[in-house]
Amino acid sequence: MKAMILAAGRGERMRPLTDTLPKPLLKVKGKELIVYHIEKLALAGFSEVIINLGHLGFKIKEALGDGSQFGIKINYSDEQIEGVLESAGGIKKALPLLGDEPFLVVNGDVFTNYEFDANKELKEKLAHLILVPNPPHNASGDFALNVSAV
């Protein structure tokens with residue numbers, strides 16, 4: 001199973017740190033946020049990760065390479081020429097790399113203890129979303145789910 005890590009964003013709320021470093025490369029406890037995801041995905045049985053590149057994306061590619069140091073294959077979907085595609089646009093651009101099978105998508109700039117599972121049977125579902133309550137500093141959030149519409 002493949003996974004996609006969304007890593008193209010500008011990271012406005014983390015400025016000035018993100019003026020010179022993509023947000024997924026910011027360190028937490030001495031390790032880049034994106035590396036936590038890659039390591040967990042490899043351990044969970046994912047064979048390939050697609051990472052979209054945007055703001056300072058060349059630094060992500062330089063830091064992670066082809067993924068061999070993590071025991072996983074990394075491919076890149078470069079959005080640096082098109083400009084900001086947002087999450088859905090980034091996923092759409094990466095579809096040729098993702099293929100026709102179900103895939104996992106995770107934001108590269110978050111820290112989570114969620115257990116990824118490449119063997120989870122998702123073929124019968126359109127989507128499986130993991131959401132958390134919005135924090136007080138961003139009460140309207142970046143994404144929302146209207147439960148009454150489901």
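Contact here means heavy atoms within 4.5 Å. The model shown is predicted.

**View 1. What covers the buried residues of helix 3.** The buried residues of helix 3 are G90, A94 and L98. Strand 1, strand 4, strand 5 and strand 6 are among the elements that cover these buried residues.

**View 2. Length and kink of helix 3.** Helix 3 runs over residues 86–98 and has 13 residues, which at 1.5 Å a residue should span 18 Å; the C-alpha atoms at its ends lie 17 Å apart, in agreement with that value. At K92 the helix has a kink of about 30°, and the proline P96 comes shortly after K92. The residue that follows helix 3 is G99, with a positive phi near 85°.

**View 3. The largest nonpolar core.** This core holds 23 residues, and the members that touch the most others are I34, I51 and L64. At least two core residues come from each of strand 1 (2–7), helix 1 (33–43), strand 4 (48–53), helix 2 (57–64), strand 5 (73–78) and strand 6 (103–107). Helix 1 gives the largest share, with 4 residues.

View 4. Another core, of 5 residues, lies apart from the largest one; its members include M4, L6, A94 and L98.

Note on methods
Residues numbered from 1 in each chain as written. Predicted model: local features only at pLDDT ≥ 70, side-chain atom pairs only at ≥ 80, totals over all residues. Heavy atoms only, no water. Core = buried A, V, L, I, M, F, W, Y, C linked by side-chain atoms within 4.5 Å. Buried < 20%, exposed > 50% of the residue type's maximum accessible area, 1.4 Å probe, protein only. Expected span 1.5 Å × (residues − 1). Bend = angle between axes of the 7 residues up to and from the residue.
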